Amino acid sequence: SDYFELLGDKRDVTIDLDALKKNYHQYQSQHHPDLHPEVSASTSSSSTRTADQLKDATAYAASAYSVLKDPFQRCRYLRLLLEADSRAVMAGDKALLPTGKDYYQLAVAHDASEAQKDNTGK
C-alpha cells in the first residue's frame with residue numbers, strides 16, 4: 001500500500017494533519033512490538049506476526065508519517081506516485097505499480113539525479 005492508504009487519507013496535496021497524526025498513532029499502537037508481548041522474535045508457525053515484522057511495519061509507518069506531514073515531501077511523493085501510476089496504466093501492467101517504500105526511494109533518487117544535472121549543466 002502507498003503512504004496515503006496506510007495512514008487512511010486521500011491522495012491529495014492538502015490533508016488534515018490532525019487526522020494524519022491520529023491515524024499514525026493508532027497504527028503504531030496496533031503494530032508496535034513493545035505493545036505485543038505475545039509476539040515472539042521467532043518465525044514460529046503459531047504466531048501470525050513476528051516482532052521483526054511488527055518493527056518493519058512501524059518503521060514503514062514512521063517513514064510514511066514523516067513524508068506526509070511535510071508539505072514539500074508530500075507533494076514530491078504524490079507527484080512520483082501519480083507518475084508511476086500513469087506509467088503502469090499506459091503499459092497495461094498493474095504489476096509495475098511500486099509499493100509505498102519504492103515511491104520514497106524514487107523521490108530521493110530523482111532529487112539526486114536532478115541535483116547532478118544542475119551541477120553538470122545538462
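Predicted model: local features only at pLDDT ≥ 70, side-chain atom pairs only at ≥ 80, totals over all residues.

Modeller: Residues are numbered from 1 along each chain as its sequence is written, and side-chain values use heavy atoms, with hydrogens and water left out.

Biologist: What does the secondary structure of the protein come to?

Modeller: The protein has five helices and zero strands, where helices (H or I, at least four residues) and strands (E, at least two) are DSSP runs numbered from the N terminus.

Biologist: How do you know that the reach of helix H2 is close to the expected one?

Modeller: The expected span is 1.5 Å times one less than the number of residues. Helix H2, residues 17-31, has 15 residues and reaches 21 Å from its first C-alpha to its last, close to the 21 Å expected.

Biologist: What makes the buried residues of H2 line one face of the helix?

Modeller: The buried residues of H2 are Leu20, Tyr24, Tyr27, Gln28 and His31. Seen down the axis of H2, they fall within an arc of 100°, so they line one face; the arc is that of the directions from the helix axis to the C-beta atoms. On the other side of H2, Asp18 and Lys22 are exposed.

Biologist: How many aromatic pairs does a search of the whole structure find?

Modeller: The search finds four. Rings of Phe, Tyr and Trp (its six-membered ring) pair if their centres lie within 6.5 Å; planes under 30 degrees apart count as stacked, over 60 as edge-to-face and the rest as tilted. One of the pairs is Tyr3 with Tyr77, at 4.5 Å centre to centre and 15° between the planes, and it is stacked. Tyr3 lies in helix H1 and Tyr77 in helix H4, 74 residues apart.

Biologist: Why is the pair of Tyr24 and Tyr65 called stacked?

Modeller: The ring centres of Tyr24 and Tyr65 are 4.3 Å apart and their planes lie at 10°, so the pair is stacked. Tyr24 lies in helix H2 and Tyr65 in helix H3, so the pair ties together parts that are 41 residues apart in sequence.

Biologist: How do you know whether Tyr65 is buried or exposed?

Modeller: Tyr65 has a relative accessible area of 15%, and so is buried.

Terms used: Buried < 20%, exposed > 50% of the residue type's maximum accessible area, 1.4 Å probe, protein only.
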